[in-house]
Amino acid sequence: MRKWVALALVLMLALAAALPLPAESSAQEGIFTSLWQLNGKRIGVQVGTDYELLVEKLLPEAEISFYNSYPDLAAALETNKIDGFPGDEPVLKFMAAEDSQLAVLPEDMDPVEMACVLPRSESGRKLAEELNAWIVSAKESGEMDEIAYKWIEGPESEKTIPDYASFPAPKGTLRMVTEGAYTPMNYFRGTELVGFEIDMAARFCEAGGYGLIIEVMNFDAIVPAIQAGKADFAAASFIIEEERQESVVFSEPYIQCGTMMAVLKGAQGESESLSFWEGIRSSFNKTFLREDRWILFVNGILNTLLITALSMLFGTALGFGLFMMCRKGNRFANAVTGFATWLIKGMPMVVLLMILYYVVFGNVAISGLMVSVVGFSLTFGASVFGLLQMGVGAVDKGQYEAAYALGHSDRRTFYKIIHPQALPHILPQYKGEVVSLIQSTAIVGYIAVQDLTKMGDIVRSRTYEAFFPLIAVTIIYFLLEGLLGFLISRINVSIDPKKRSRERILKGVKIHD
């Protein structure tokens with residue numbers, strides 16, 4: 001009970017911190033009006049981009065730190081972790097329009113060209129030739145300018161995407177990866193993935209006779225996915241860069257835009273003063289109700305629960321099977337199992353998932369969700385193996401001797417006498433492993449799985465609110481953990497003699513004979 005009270009207090013404080021400050025307190029010290037004032041300041045850069053080199057060139061004394069996404073950069077800026085961050089001009093202007101605390105400095109740091117990324121393989125180069133021919137043709141006909149105007153400057157009512165799911169595919173279906181959190185280039189409008197690059201890719205596939213499947217993953221995982229052949233091409237606002245050309249193929253550039261710097265606004269950018277509950281209502285509306293974003297959270301919850309449930313099932317079976325092979329002291333089985341569990345449990349989970357996705361299953365057509373199930377089943381199985389060793393080891397050896405003296409076989413002794421006594425020792429720790437498992441699934445966005453955490457990031461990329469979507473995700477995780485913990489606790493009660501009712505213990509026993 002105290003845990004839930006503490007959680008409620010922490011969430012109330014976090015919600016209060018998330019609300020805009022009153023107008024008289026919103027002015028910030030050290031607001032910048034020129035790019036050159038940022039030399040020697042703290043600059044944030046998105047992981048996987050080339051902006052680090054640009055910042056080092058223009059602001060040589062700046063202190064650079066790295067973040068996974070633009071919502072993370074905006075949150076870091078608004079909480080004074082950094083003093084500014086660079087980005088593409090249309091993206092930063094959209095962010096500033098949505099977030100009243102952000103401003104874009106007027107200087108253009110450097111014009112950049114964006115292109116699609118393809119694998120350095122024969123099929124990749126062949127597809128690049130087709131894509132290049134279409135891009136050149138679209139530029140000459142004015143179609144590319146039409147797409148750019150529609151998504152960057154056009155009215156919202158005209159921002160529509162061809163129905164690429166229904167394209168005929170006489171030449172096969174192409175798999176594309178993107179970030180899905182980069183307005184107006186690629187982003188979610190409700191549950192629909194839209195944007196300049198999505199529109200462009202759909203038109204290319206329609207003209208070329210291809211079907212199209214689009215997957216969303218973290219930006220810094222896109223290039224490894226292309227290199228591993230997990231996708232045919234990527235369109236995620238990649239800037240053409242010489243060093244990166246050594247590992248991937250760039251298409252013809254499809255758009256050129258400037259690079260600018262986002263900073264905090266001064267007193268002229270004061271936030272609207274809201275009461276506590278008005279702020280919560282506003283944030284709730286933007287996070288869940290606007291554009292039916294609650295559907296994204298539902299989809300994320302279902303994927304998280306599916307990964308957790310299947311990993312529990314297969315991991316428990318794997319751990320139990322390994323224990324049964326090793327429990328009689330077979331040296332070879334114990335050596336192999338010991339090395340495997342040491343290797344799996346000693347490896348960071350995100351590294352294990354990426355090795356499985358890009359290396360072990362690199363040439364296999366398997367979804368990121370199933371790779372996640374494999375990876376978490378391995379780690380959960382290793383944990384179950386250790387728990388069984390501990391729980392069975394806690395049962396006195398005299399139980400074996402007594403069972404054998406009564407004529408029970410080894411198999412019957414284990415399943416009828418030893419295992420039931422070991423379970424009460426195991427289940428409390430098993431419950432903790434389940435909670436740890438559901439928390440660990442938060443990293444599956446690196447291999448193109450849209451789980452609860454990834455959906456929260458996608459919503460943050462649209463609302464640019466640093467706190468409320470994170471708090472919402474936190475609450476949902478607590479509820480999921482509480483639900484699974486409750487189910488396991490009920491199992492514990494049903495098998496622990498100390499926790500059973502007298503009526504259940506004496507069920508079937510005649511006590512008045």
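The model is predicted.

**Overall make-up**

The chain has 513 residues, and buried residues make up 48% of them. Its secondary structure comes to 18 helices and 13 strands. Take the contacts between residues at least 6 apart in sequence: 75% of these join residues at least 24 apart.

**Helix pairs**

The table gives their axis geometry.

| Pair | Residue ranges | Axes come within | Crossing angle |
|---|---|---|---|
| H10 and H11 | H10 residues 294-326; H11 | 8 Å | roughly 145° |
| H11 and H13 | H11 residues 331-345; H13 | 9 Å | roughly 125° |
| H5 and H7 | H5 residues 122-141; H7 residues 196-208 | 11 Å | roughly 105° |

Start with H11 and H13. Their axes cross at roughly 125°, which makes H11 oblique to H13. The crossing is left-handed. On H11, the contact uses Thr337, Thr341, Ile344 and Lys345. On H13, the partners are Leu378, Thr379, Ala382, Ser383 and Phe385. By class, the contact has four nonpolar, four polar and one charged residues.

Now H5 and H7. With a crossing angle of roughly 105°, these helices are roughly perpendicular to each other. Leu127, Glu130, Leu131 and Trp134 come from H5, while Met200, Arg203, Phe204 and Ala207 come from H7. Six of the contact residues are nonpolar, none is polar and two are charged.

Ser383 sits in helix H13, which spans residues 368-393. Is Ser383 buried or exposed? Its relative accessibility is 8%, so Ser383 counts as buried. The cut-off for buried is under 20% relative accessible area. Setting aside neighbours within four places in sequence, Ser383 is in contact with Lys345 and Glu433.

Leu484 belongs to helix H17, residues 468-495. At 15% relative accessibility, Leu484 is buried as well. Which residues does Leu484 touch, not counting those up to four places away in sequence? They are Thr308, Val434 and Ile438. Lys431 is 53 residues from Leu484 along the chain, yet the C-alpha atoms of the two are separated by 8.1 Å.

**Cysteines**

How many disulfides does the structure hold? It holds zero. A disulfide is a covalent bond between the sulfur atoms of two cysteines. Cys257 counts as buried, at 11% relative accessibility. Cys326 is buried too, with a relative accessible area of 6%.

**Backbone exceptions**

Most residues other than glycine have a negative phi, and most peptide bonds are trans. Some places in this chain depart from that.

Where is the cis peptide bond? It joins Thr183 and Pro184, with omega about 5°. Pro184 is found in the loop between strand S7 (181-182) and strand S8 (186-189).

Asn80 has a positive phi, near 60°. The residue lies in the loop between helix H3 (70-78) and strand S3 (85-88). With a relative accessible area of 41%, Asn80 is partly exposed.

Ser237 also has a positive phi, near 60°. Its setting is strand S11, residues 233-239. At 5% relative accessibility, Ser237 counts as buried.

**In brief**

H5 and H7 are roughly perpendicular. Ser383 is buried in accessibility terms and touches Lys345 and Glu433. The cis bond at Thr183 and Pro184 and the positive phi values of Asn80 and Ser237 are the backbone points to inspect.

Key. Residues numbered from 1 in each chain as written. Predicted model: local features only at pLDDT ≥ 70, side-chain atom pairs only at ≥ 80, totals over all residues. Heavy atoms only, no water. Helix = DSSP H or I, 4+ residues; strand = E, 2+ residues; numbered from the N terminus. Buried < 20%, exposed > 50% of the residue type's maximum accessible area, 1.4 Å probe, protein only. Contact = heavy atoms within 4.5 Å. Axes fitted to C-alpha atoms, helices over the stretch in contact; angles between N-to-C directions. Parallel < 35°, antiparallel > 145°, perpendicular 65-115°, else oblique. Left-handed = near helix turned anticlockwise from the far one by under 90°. Nonpolar A, V, L, I, M, F, W, Y, C, P; charged D, E, K, R; others polar. Disulfide = S-S within 2.5 Å.
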